[in-house]
Amino acid sequence: MATTRKLWTHIALVVGLILTVTAQAKADNPIVQHIYTADPSPLVHNGRVYLYTGHDEDGSTWFTMKEWRVWSSADMVNWTDHGAPMSLATFSWAKQDAWAGQAVQRNGKFYWYVPVVTKATGRPAIGVGVSDSPTGPFRDAIGRPLVENGEIDPSVMIDDDGQAYLYWGNPNLWYVKLNPDMISFSGGVNRIPLTTAGFGTRTGDPNRPTLYEEGPWVYKRNGLYYNVFAAKCCSEYIAYSTAPGPTGPWTYRGTVMPTQGSSFTNHPGIIDFKGSSYFFYHNGALPGGGGFTRSVAVEKFSYNADGTIPTINMTTAGPPPADTLNPYVRQEAETIAWGSGIETEPSSEGGMNVGFINNGDYIKVKNVAFGSGANLFTARVASTVAGSSVEVRSGSPTGPLAGRCTVPNTGGWQSWTNVSCPVSGLTGTRDLYLRFSGGGNYLLNMNWWQFGTGGLNRTPVAAS
Ligand code: FUB
(Lines give C-alpha, C1' and ligand atoms only; values in the text may rest on other atoms or scores of the structure.)
Protein backbone atom coordinates (compact mmCIF):
# COMPACT_ATOMS: atom_id res chain seq x y z
CA MET A 1 0.00 0.00 0.00
CA ALA A 2 2.94 2.33 0.72
CA THR A 3 3.86 2.67 -2.93
CA THR A 4 0.31 3.37 -4.07
CA ARG A 5 -0.37 5.89 -1.32
CA LYS A 6 2.93 7.73 -1.82
CA LEU A 7 2.40 7.90 -5.58
CA TRP A 8 -1.01 9.45 -5.14
CA THR A 9 0.26 11.84 -2.51
CA HIS A 10 2.94 13.07 -4.89
CA ILE A 11 0.54 13.34 -7.82
CA ALA A 12 -1.81 15.37 -5.65
CA LEU A 13 1.05 17.66 -4.62
CA VAL A 14 2.30 18.14 -8.17
CA VAL A 15 -1.04 19.10 -9.64
CA GLY A 16 -1.93 21.17 -6.58
CA LEU A 17 -5.30 19.59 -5.93
CA ILE A 18 -6.05 21.73 -2.93
CA LEU A 19 -9.76 21.04 -3.30
CA THR A 20 -9.14 17.30 -3.11
CA VAL A 21 -7.14 17.71 0.07
CA THR A 22 -9.94 19.82 1.56
CA ALA A 23 -12.50 17.19 0.61
CA GLN A 24 -10.41 14.42 2.20
CA ALA A 25 -10.01 16.48 5.34
CA LYS A 26 -13.80 16.45 5.71
CA ALA A 27 -14.32 12.81 4.79
CA ASP A 28 -14.50 9.87 7.14
CA ASN A 29 -15.36 7.23 4.55
CA PRO A 30 -13.81 4.89 3.77
CA ILE A 31 -12.94 3.95 7.35
CA VAL A 32 -9.35 2.91 6.56
CA GLN A 33 -7.09 4.76 4.16
CA HIS A 34 -3.70 3.03 4.52
CA ILE A 35 -4.70 -0.44 3.27
CA TYR A 36 -7.56 -1.82 1.22
CA THR A 37 -10.24 -3.52 3.33
CA ALA A 38 -13.31 -5.58 2.36
CA ASP A 39 -16.21 -7.60 3.72
CA PRO A 40 -17.07 -5.80 6.98
CA SER A 41 -18.26 -7.64 10.08
CA PRO A 42 -18.98 -5.33 13.04
CA LEU A 43 -19.34 -6.54 16.65
CA VAL A 44 -20.27 -4.42 19.68
CA HIS A 45 -18.43 -5.30 22.90
CA ASN A 46 -17.85 -3.27 26.08
CA GLY A 47 -18.61 0.14 24.59
CA ARG A 48 -16.59 -0.34 21.42
CA VAL A 49 -17.33 -1.49 17.91
CA TYR A 50 -14.89 -4.15 16.73
CA LEU A 51 -14.76 -4.26 12.96
CA TYR A 52 -13.49 -7.45 11.33
CA THR A 53 -12.50 -7.16 7.67
CA GLY A 54 -10.66 -8.84 4.89
CA HIS A 55 -7.60 -7.28 3.30
CA ASP A 56 -7.33 -6.82 -0.46
CA GLU A 57 -3.68 -6.85 -1.48
CA ASP A 58 -2.33 -3.80 -3.31
CA GLY A 59 -2.70 -4.08 -7.05
CA SER A 60 -4.90 -7.17 -6.86
CA THR A 61 -6.52 -8.39 -10.06
CA TRP A 62 -8.48 -11.08 -8.20
CA PHE A 63 -9.76 -11.54 -4.62
CA THR A 64 -6.16 -12.10 -3.50
CA MET A 65 -6.62 -12.13 0.25
CA LYS A 66 -4.22 -13.67 2.77
CA GLU A 67 -5.23 -12.29 6.15
CA TRP A 68 -8.06 -10.71 8.10
CA ARG A 69 -7.79 -7.41 9.98
CA VAL A 70 -9.39 -5.94 13.12
CA TRP A 71 -10.25 -2.30 13.82
CA SER A 72 -12.15 -0.76 16.72
CA SER A 73 -13.84 2.49 17.64
CA ALA A 74 -15.71 4.03 20.57
CA ASP A 75 -17.17 6.84 18.45
CA MET A 76 -17.69 5.52 14.89
CA VAL A 77 -15.28 8.10 13.45
CA ASN A 78 -11.85 7.36 14.98
CA TRP A 79 -10.76 3.77 14.28
CA THR A 80 -7.86 1.94 15.95
CA ASP A 81 -5.81 -0.44 13.82
CA HIS A 82 -5.32 -3.77 15.63
CA GLY A 83 -3.39 -5.39 12.79
CA ALA A 84 -3.92 -8.89 11.41
CA PRO A 85 -4.61 -11.31 14.28
CA MET A 86 -5.78 -14.09 11.93
CA SER A 87 -4.49 -15.21 8.54
CA LEU A 88 -4.44 -18.21 6.21
CA ALA A 89 -1.48 -19.47 8.30
CA THR A 90 -3.84 -19.76 11.30
CA PHE A 91 -5.52 -22.68 9.53
CA SER A 92 -2.94 -25.34 8.62
CA TRP A 93 -5.45 -26.92 6.24
CA ALA A 94 -6.18 -23.66 4.36
CA LYS A 95 -4.72 -23.03 0.94
CA GLN A 96 -5.98 -19.59 -0.13
CA ASP A 97 -8.76 -16.98 -0.14
CA ALA A 98 -9.18 -15.27 3.24
CA TRP A 99 -12.66 -14.12 2.29
CA ALA A 100 -15.73 -12.76 4.06
CA GLY A 101 -16.38 -13.85 7.66
CA GLN A 102 -18.15 -12.81 10.83
CA ALA A 103 -16.97 -12.67 14.46
CA VAL A 104 -19.35 -13.19 17.40
CA GLN A 105 -18.93 -13.32 21.15
CA ARG A 106 -20.10 -16.14 23.41
CA ASN A 107 -19.06 -17.50 26.80
CA GLY A 108 -16.30 -14.90 27.14
CA LYS A 109 -14.69 -15.98 23.88
CA PHE A 110 -14.69 -14.54 20.40
CA TYR A 111 -15.40 -16.86 17.48
CA TRP A 112 -14.49 -15.75 13.97
CA TYR A 113 -16.12 -17.81 11.19
CA VAL A 114 -14.39 -17.51 7.83
CA PRO A 115 -14.42 -19.16 4.40
CA VAL A 116 -11.14 -20.47 2.99
CA VAL A 117 -10.22 -22.80 0.15
CA THR A 118 -8.83 -26.04 1.57
CA LYS A 119 -5.65 -27.81 0.52
CA ALA A 120 -7.48 -31.14 0.55
CA THR A 121 -10.39 -30.33 -1.75
CA GLY A 122 -9.44 -27.09 -3.49
CA ARG A 123 -12.85 -25.68 -2.71
CA PRO A 124 -14.17 -23.39 0.05
CA ALA A 125 -14.96 -24.55 3.56
CA ILE A 126 -15.90 -22.67 6.72
CA GLY A 127 -13.25 -22.48 9.45
CA VAL A 128 -13.54 -20.98 12.91
CA GLY A 129 -10.92 -19.02 14.83
CA VAL A 130 -11.20 -18.44 18.57
CA SER A 131 -9.66 -15.93 20.96
CA ASP A 132 -10.11 -14.66 24.52
CA SER A 133 -9.88 -11.10 23.18
CA PRO A 134 -11.85 -9.31 20.44
CA THR A 135 -8.51 -8.24 18.95
CA GLY A 136 -6.95 -11.69 19.03
CA PRO A 137 -4.65 -13.39 18.46
CA PHE A 138 -7.00 -16.02 17.05
CA ARG A 139 -6.15 -19.71 16.82
CA ASP A 140 -7.81 -22.48 14.84
CA ALA A 141 -10.60 -23.68 17.17
CA ILE A 142 -10.88 -27.24 15.81
CA GLY A 143 -7.94 -27.84 13.48
CA ARG A 144 -10.17 -28.64 10.51
CA PRO A 145 -13.13 -27.13 8.65
CA LEU A 146 -16.33 -26.78 10.66
CA VAL A 147 -18.33 -27.50 7.51
CA GLU A 148 -17.27 -28.00 3.88
CA ASN A 149 -19.59 -27.83 0.88
CA GLY A 150 -17.74 -25.52 -1.50
CA GLU A 151 -19.66 -22.38 -0.50
CA ILE A 152 -18.66 -19.16 1.26
CA ASP A 153 -19.58 -16.17 3.42
CA PRO A 154 -20.57 -17.36 6.94
CA SER A 155 -22.84 -15.32 9.20
CA VAL A 156 -23.79 -16.30 12.77
CA MET A 157 -26.93 -15.29 14.68
CA ILE A 158 -27.46 -16.25 18.33
CA ASP A 159 -31.18 -16.33 19.04
CA ASP A 160 -32.81 -15.19 22.29
CA ASP A 161 -33.24 -18.82 23.39
CA GLY A 162 -29.47 -19.33 23.08
CA GLN A 163 -29.60 -21.37 19.88
CA ALA A 164 -26.90 -20.20 17.46
CA TYR A 165 -27.28 -20.52 13.71
CA LEU A 166 -24.51 -20.47 11.11
CA TYR A 167 -25.68 -19.33 7.67
CA TRP A 168 -23.56 -19.24 4.52
CA GLY A 169 -23.67 -19.76 0.80
CA ASN A 170 -23.13 -18.79 -2.82
CA PRO A 171 -25.01 -19.80 -4.96
CA ASN A 172 -27.20 -21.56 -2.37
CA LEU A 173 -28.12 -20.51 1.16
CA TRP A 174 -27.38 -22.97 3.96
CA TYR A 175 -27.61 -23.15 7.73
CA VAL A 176 -26.58 -25.39 10.59
CA LYS A 177 -27.62 -25.22 14.23
CA LEU A 178 -24.44 -24.61 16.21
CA ASN A 179 -24.01 -26.39 19.52
CA PRO A 180 -23.39 -24.26 22.63
CA ASP A 181 -19.64 -24.79 22.19
CA MET A 182 -19.95 -22.79 18.92
CA ILE A 183 -17.47 -25.13 17.19
CA SER A 184 -19.72 -28.07 16.34
CA PHE A 185 -23.28 -28.47 15.07
CA SER A 186 -26.27 -30.75 15.28
CA GLY A 187 -29.10 -31.59 12.90
CA GLY A 188 -27.13 -31.73 9.67
CA VAL A 189 -26.58 -29.19 6.93
CA ASN A 190 -29.84 -27.58 5.85
CA ARG A 191 -30.66 -25.67 2.68
CA ILE A 192 -32.91 -22.62 2.85
CA PRO A 193 -35.23 -22.68 -0.19
CA LEU A 194 -34.37 -19.77 -2.48
CA THR A 195 -37.85 -18.82 -3.64
CA THR A 196 -38.66 -15.63 -5.50
CA ALA A 197 -41.16 -14.74 -2.76
CA GLY A 198 -38.37 -15.04 -0.24
CA PHE A 199 -35.47 -13.50 -2.13
CA GLY A 200 -36.83 -11.56 -5.11
CA THR A 201 -36.78 -12.31 -8.81
CA ARG A 202 -33.64 -12.20 -10.94
CA THR A 203 -33.98 -12.10 -14.69
CA GLY A 204 -31.44 -13.20 -17.26
CA ASP A 205 -29.80 -16.02 -15.30
CA PRO A 206 -31.74 -19.31 -15.37
CA ASN A 207 -29.31 -20.81 -12.85
CA ARG A 208 -30.08 -18.11 -10.29
CA PRO A 209 -33.80 -17.31 -10.31
CA THR A 210 -33.65 -15.20 -7.14
CA LEU A 211 -31.70 -12.08 -6.25
CA TYR A 212 -29.72 -13.84 -3.51
CA GLU A 213 -26.04 -13.94 -4.49
CA GLU A 214 -23.84 -14.16 -1.34
CA GLY A 215 -22.81 -12.42 1.87
CA PRO A 216 -25.78 -13.08 4.20
CA TRP A 217 -25.91 -10.97 7.38
CA VAL A 218 -28.55 -12.52 9.62
CA TYR A 219 -29.79 -10.90 12.83
CA LYS A 220 -32.89 -10.45 14.95
CA ARG A 221 -34.50 -7.14 15.90
CA ASN A 222 -37.76 -6.64 17.81
CA GLY A 223 -38.74 -10.27 17.20
CA LEU A 224 -38.18 -10.07 13.44
CA TYR A 225 -35.38 -11.98 11.68
CA TYR A 226 -33.46 -10.11 8.98
CA ASN A 227 -31.27 -11.53 6.22
CA VAL A 228 -29.39 -8.70 4.50
CA PHE A 229 -27.38 -9.96 1.52
CA ALA A 230 -25.49 -9.13 -1.63
CA ALA A 231 -28.04 -9.27 -4.45
CA LYS A 232 -27.65 -9.97 -8.15
CA CYS A 233 -24.35 -10.04 -9.90
CA CYS A 234 -22.59 -8.17 -11.25
CA SER A 235 -22.54 -5.43 -10.04
CA GLU A 236 -24.09 -6.40 -6.75
CA TYR A 237 -26.39 -4.32 -4.61
CA ILE A 238 -27.57 -4.94 -1.06
CA ALA A 239 -31.10 -6.27 -0.49
CA TYR A 240 -32.90 -7.93 2.38
CA SER A 241 -35.57 -10.38 3.44
CA THR A 242 -37.34 -10.89 6.75
CA ALA A 243 -38.88 -13.90 8.47
CA PRO A 244 -40.84 -14.73 11.61
CA GLY A 245 -38.27 -17.41 12.54
CA PRO A 246 -34.52 -18.03 12.16
CA THR A 247 -34.96 -20.39 9.21
CA GLY A 248 -37.89 -18.70 7.49
CA PRO A 249 -40.20 -18.50 5.75
CA TRP A 250 -38.45 -15.50 4.23
CA THR A 251 -40.17 -12.59 2.51
CA TYR A 252 -38.24 -10.36 0.13
CA ARG A 253 -38.28 -6.72 1.33
CA GLY A 254 -36.28 -4.83 -1.29
CA THR A 255 -33.13 -2.80 -1.67
CA VAL A 256 -30.98 -1.56 1.21
CA MET A 257 -28.11 -0.05 -0.80
CA PRO A 258 -28.32 0.36 -4.59
CA THR A 259 -25.37 -0.52 -6.83
CA GLN A 260 -22.85 2.23 -6.21
CA GLY A 261 -19.20 2.84 -5.55
CA SER A 262 -16.82 1.31 -8.13
CA SER A 263 -16.76 -2.23 -6.74
CA PHE A 264 -18.77 -4.99 -8.42
CA THR A 265 -19.22 -6.70 -5.06
CA ASN A 266 -20.69 -5.29 -1.89
CA HIS A 267 -21.04 -6.86 1.54
CA PRO A 268 -23.33 -5.86 4.45
CA GLY A 269 -22.85 -5.67 8.22
CA ILE A 270 -25.37 -4.06 10.60
CA ILE A 271 -25.21 -3.11 14.30
CA ASP A 272 -26.82 -0.86 16.86
CA PHE A 273 -24.29 1.19 18.87
CA LYS A 274 -24.80 3.95 21.44
CA GLY A 275 -28.46 4.36 20.48
CA SER A 276 -28.09 4.46 16.69
CA SER A 277 -28.06 1.95 13.85
CA TYR A 278 -25.15 1.60 11.43
CA PHE A 279 -24.76 -0.06 8.05
CA PHE A 280 -21.27 -1.21 6.99
CA TYR A 281 -20.43 -2.01 3.36
CA HIS A 282 -17.51 -1.80 0.93
CA ASN A 283 -16.71 0.07 -2.26
CA GLY A 284 -13.74 1.10 -4.40
CA ALA A 285 -13.42 4.63 -3.07
CA LEU A 286 -9.68 4.86 -2.35
CA PRO A 287 -7.16 5.87 -5.03
CA GLY A 288 -6.42 2.72 -7.02
CA GLY A 289 -9.65 1.23 -5.70
CA GLY A 290 -11.97 -1.08 -7.60
CA GLY A 291 -13.49 -4.53 -7.55
CA PHE A 292 -10.37 -6.18 -6.13
CA THR A 293 -9.04 -3.20 -4.15
CA ARG A 294 -11.97 -2.38 -1.94
CA SER A 295 -12.55 -0.25 1.15
CA VAL A 296 -14.99 -0.64 4.03
CA ALA A 297 -17.25 2.30 4.84
CA VAL A 298 -20.18 2.97 7.18
CA GLU A 299 -23.42 4.98 7.27
CA LYS A 300 -25.78 5.78 10.11
CA PHE A 301 -29.45 4.99 9.47
CA SER A 302 -32.81 4.69 11.25
CA TYR A 303 -35.25 1.83 10.79
CA ASN A 304 -38.70 2.84 9.61
CA ALA A 305 -41.44 2.59 12.24
CA ASP A 306 -42.60 -0.75 10.80
CA GLY A 307 -39.11 -2.24 11.06
CA THR A 308 -38.27 -1.96 7.38
CA ILE A 309 -34.84 -0.69 6.37
CA PRO A 310 -34.64 2.57 4.41
CA THR A 311 -32.58 2.92 1.27
CA ILE A 312 -29.04 3.85 2.29
CA ASN A 313 -26.62 5.59 -0.05
CA MET A 314 -22.83 5.66 0.11
CA THR A 315 -21.33 8.92 1.35
CA THR A 316 -17.81 10.23 1.83
CA ALA A 317 -18.84 12.05 5.02
CA GLY A 318 -19.82 8.92 6.96
CA PRO A 319 -21.71 9.08 10.25
CA PRO A 320 -21.51 11.88 12.80
CA PRO A 321 -19.41 11.10 15.89
CA ALA A 322 -21.21 8.90 18.42
CA ASP A 323 -18.93 10.22 21.18
CA THR A 324 -16.01 12.51 21.90
CA LEU A 325 -12.38 11.38 22.22
CA ASN A 326 -10.49 12.12 25.45
CA PRO A 327 -7.04 13.60 24.69
CA TYR A 328 -5.95 13.47 28.34
CA VAL A 329 -5.49 9.69 28.35
CA ARG A 330 -3.08 7.75 26.18
CA GLN A 331 -4.39 7.49 22.64
CA GLU A 332 -2.84 5.15 20.14
CA ALA A 333 -1.27 6.89 17.15
CA GLU A 334 -3.07 4.30 15.02
CA THR A 335 -6.46 5.63 16.21
CA ILE A 336 -7.33 7.60 13.12
CA ALA A 337 -10.31 9.31 11.48
CA TRP A 338 -8.33 10.02 8.31
CA GLY A 339 -4.68 9.24 7.63
CA SER A 340 -2.87 10.84 4.71
CA GLY A 341 0.33 9.14 3.53
CA ILE A 342 0.94 7.16 6.72
CA GLU A 343 1.16 3.41 7.18
CA THR A 344 0.95 1.16 10.27
CA GLU A 345 3.04 -1.78 11.46
CA PRO A 346 3.34 -3.99 14.58
CA SER A 347 5.11 -2.13 17.40
CA SER A 348 7.86 -3.58 19.59
CA GLU A 349 5.88 -2.12 22.51
CA GLY A 350 2.75 -4.10 21.60
CA GLY A 351 -0.15 -3.25 19.31
CA MET A 352 0.60 -1.19 16.22
CA ASN A 353 2.47 2.05 15.55
CA VAL A 354 2.21 4.59 12.77
CA GLY A 355 5.22 4.64 10.47
CA PHE A 356 6.55 5.21 6.95
CA ILE A 357 5.86 8.90 7.48
CA ASN A 358 6.97 11.45 4.89
CA ASN A 359 6.99 15.25 4.98
CA GLY A 360 3.42 16.57 4.86
CA ASP A 361 1.73 13.33 5.92
CA TYR A 362 -0.87 13.74 8.63
CA ILE A 363 -3.33 12.02 10.96
CA LYS A 364 -6.77 13.46 11.61
CA VAL A 365 -8.43 12.62 14.94
CA LYS A 366 -12.03 13.73 15.06
CA ASN A 367 -14.15 15.31 17.80
CA VAL A 368 -11.45 15.62 20.45
CA ALA A 369 -12.77 17.05 23.74
CA PHE A 370 -10.09 19.47 24.98
CA GLY A 371 -12.47 21.13 27.44
CA SER A 372 -10.95 24.18 29.10
CA GLY A 373 -7.68 23.64 27.27
CA ALA A 374 -4.49 21.64 26.93
CA ASN A 375 -1.04 23.12 27.35
CA LEU A 376 1.19 20.09 26.81
CA PHE A 377 1.51 17.47 24.09
CA THR A 378 3.52 14.28 24.58
CA ALA A 379 4.18 11.64 21.94
CA ARG A 380 5.93 8.28 22.02
CA VAL A 381 8.23 8.38 19.02
CA ALA A 382 11.16 6.62 17.34
CA SER A 383 13.37 7.76 14.48
CA THR A 384 16.73 7.27 12.81
CA VAL A 385 16.96 10.92 11.75
CA ALA A 386 17.15 14.05 13.88
CA GLY A 387 15.06 17.16 13.59
CA SER A 388 11.70 15.95 12.28
CA SER A 389 8.62 17.59 13.78
CA VAL A 390 5.16 16.68 14.89
CA GLU A 391 2.99 19.72 14.24
CA VAL A 392 -0.10 19.86 16.45
CA ARG A 393 -2.86 21.60 14.50
CA SER A 394 -6.62 21.91 14.70
CA GLY A 395 -9.37 22.15 12.10
CA SER A 396 -7.34 21.09 9.07
CA PRO A 397 -3.84 19.86 8.16
CA THR A 398 -2.88 23.51 7.65
CA GLY A 399 -5.04 24.84 10.48
CA PRO A 400 -3.79 26.89 13.44
CA LEU A 401 -0.50 25.58 14.83
CA ALA A 402 -1.00 24.77 18.52
CA GLY A 403 2.51 23.45 19.08
CA ARG A 404 5.44 21.66 17.54
CA CYS A 405 7.43 18.77 19.01
CA THR A 406 10.90 18.06 17.65
CA VAL A 407 11.81 14.38 17.35
CA PRO A 408 15.43 13.29 17.95
CA ASN A 409 17.29 10.39 16.41
CA THR A 410 16.39 7.65 18.90
CA GLY A 411 18.73 5.11 17.30
CA GLY A 412 16.15 2.91 15.64
CA TRP A 413 12.64 2.76 14.21
CA GLN A 414 11.54 0.73 17.25
CA SER A 415 13.70 2.59 19.84
CA TRP A 416 11.03 4.56 21.60
CA THR A 417 11.22 7.77 23.61
CA ASN A 418 8.78 10.41 24.82
CA VAL A 419 8.92 13.95 23.42
CA SER A 420 6.86 16.81 24.90
CA CYS A 421 6.16 20.36 23.80
CA PRO A 422 3.89 23.20 24.94
CA VAL A 423 0.61 23.73 23.08
CA SER A 424 -1.94 26.53 23.15
CA GLY A 425 -5.32 27.35 21.68
CA LEU A 426 -6.76 23.86 22.05
CA THR A 427 -10.06 24.32 23.85
CA GLY A 428 -13.54 22.90 23.44
CA THR A 429 -14.23 19.99 21.08
CA ARG A 430 -12.46 20.08 17.75
CA ASP A 431 -10.71 17.95 15.14
CA LEU A 432 -7.02 17.39 15.85
CA TYR A 433 -4.40 17.11 13.11
CA LEU A 434 -0.94 15.69 13.76
CA ARG A 435 1.06 16.81 10.74
CA PHE A 436 4.60 15.58 10.18
CA SER A 437 7.39 17.70 8.71
CA GLY A 438 11.08 17.38 8.06
CA GLY A 439 13.64 16.51 5.41
CA GLY A 440 14.78 13.18 4.08
CA ASN A 441 12.73 10.09 3.42
CA TYR A 442 10.96 8.60 6.44
CA LEU A 443 10.76 11.03 9.36
CA LEU A 444 9.55 9.24 12.49
CA ASN A 445 7.35 6.54 13.93
CA MET A 446 4.67 7.25 16.54
CA ASN A 447 3.22 4.73 18.99
CA TRP A 448 0.91 6.92 21.08
CA TRP A 449 0.16 10.48 22.16
CA GLN A 450 -1.45 12.29 25.08
CA PHE A 451 -2.25 15.87 26.03
CA GLY A 452 -1.77 17.39 29.50
CA THR A 453 -2.84 20.44 31.39
CA GLY A 454 0.07 20.72 33.82
CA GLY A 455 2.75 22.30 31.63
CA LEU A 456 6.16 20.96 30.63
CA ASN A 457 7.17 20.09 34.18
CA ARG A 458 4.30 17.68 34.53
CA THR A 459 4.70 15.28 31.64
CA PRO A 460 1.65 13.03 31.62
CA VAL A 461 2.21 9.42 32.50
CA ALA A 462 0.98 7.05 29.83
CA ALA A 463 -1.83 4.75 30.79
CA SER A 464 -0.89 1.10 30.47
O1 FUB B 1 -14.00 -10.79 -0.60
C2 FUB B 1 -14.17 -11.97 -1.33
C3 FUB B 1 -15.62 -12.20 -1.64
O4 FUB B 1 -16.14 -11.10 -2.35
C5 FUB B 1 -16.50 -12.30 -0.43
O6 FUB B 1 -16.44 -13.55 0.20
C7 FUB B 1 -17.81 -11.97 -1.02
O8 FUB B 1 -18.80 -11.66 -0.08
C9 FUB B 1 -17.45 -10.80 -1.90
O10 FUB B 1 -17.40 -9.61 -1.16
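I began with the record: the unreviewed UniProt entry annotates residues 329–452 as "domain: CBM6". UniProt positions are given here in the numbering used for this model, feature names are shortened, and annotations may be inferred rather than shown by experiment.

The model is predicted: local features need pLDDT of at least 70, side-chain atom pairs count only at pLDDT 80 or more, and totals for chains, interfaces and linings use all residues. Residues are numbered from 1 along each chain as its sequence is written, and side-chain values use heavy atoms, with hydrogens and water left out.

**Entry 1: the annotated span.** I checked the ends of residues 329–452 and found their C-alpha atoms 9 Å apart. The span is 69% strand and 0% helix. Helices (H or I, at least four residues) and strands (E, at least two) are DSSP runs, numbered from the N terminus.

I then looked up β28 (residues 388–394) and β29 (residues 401–407), which pair antiparallel over 6 bridges. Two strands pair if DSSP finds at least two bridges between them. V390 stands opposite C405 of β29. The two strands make a hairpin with 6 residues between them. In the turn, G395 has a positive phi of about 90°.

**Entry 2: T378.** This residue sits in strand β27 (residues 362–383). Is T378 buried or exposed? T378 counts as buried because its relative accessibility is 0%. The classes are buried under 20% relative accessible area, exposed over 50% and partly exposed in between (1.4 Å probe, protein chains only).

**Entry 3: the open sheet.** I traced 3 strands in the order β19-β20-β21, with antiparallel pairing. The edges are β19 (269–273) and β21 (295–301), each pairing on one side only. The twist averages 30° from one strand to the next. Axes are lines fitted to C-alpha atoms, for helices over the stretch in contact, and angles run from 0 to 180 degrees between N-to-C directions. Strand β20 (residues 276–283) is joined to β19 by 5 bridges. F273 has S276 of β20 as its bridge partner.

**Entry 4: the second largest pocket.** I read its volume as about 530 Å³. Its lining has 20 residues; Q102, Y219, K220, I270 and I271 lie nearest the centre. Two or more lining residues come from each of β1 (38–45), β7 (102–106), β11 (155–158), β15 (212–221) and β19. β15 gives the most, with 5 residues.

**Entry 5: cavities.** How many cavities of 30 Å³ or more does the whole structure hold? The search finds 3. On a 1 Å grid over the protein atoms alone, a cavity is a set of points where a 1.4 Å probe fits but cannot get out, and a pocket is an open set with protein on both sides within 12 Å along at least five of seven lines; lining residues have an atom within 4 Å of a point. Grid points are joined across faces, edges and corners, and a volume is the space filled by probe spheres set on the points.

**Entry 6: Y36.** I found Y36 in the loop between α2 (18–26) and β1. Y36 is buried, with a relative accessible area of 2%. A polar atom of the Y36 side chain lies 2.6 Å from the backbone oxygen of P287. Y36 and A285 are 249 residues apart in sequence, yet 9.7 Å apart in space, C-alpha to C-alpha.

Definitions and conventions. A polar contact is a pair of N or O atoms within 3.5 Å; within protein, one must be able to donate a hydrogen and the other to accept it, and residues adjacent in sequence count only if both atoms are side-chain atoms.
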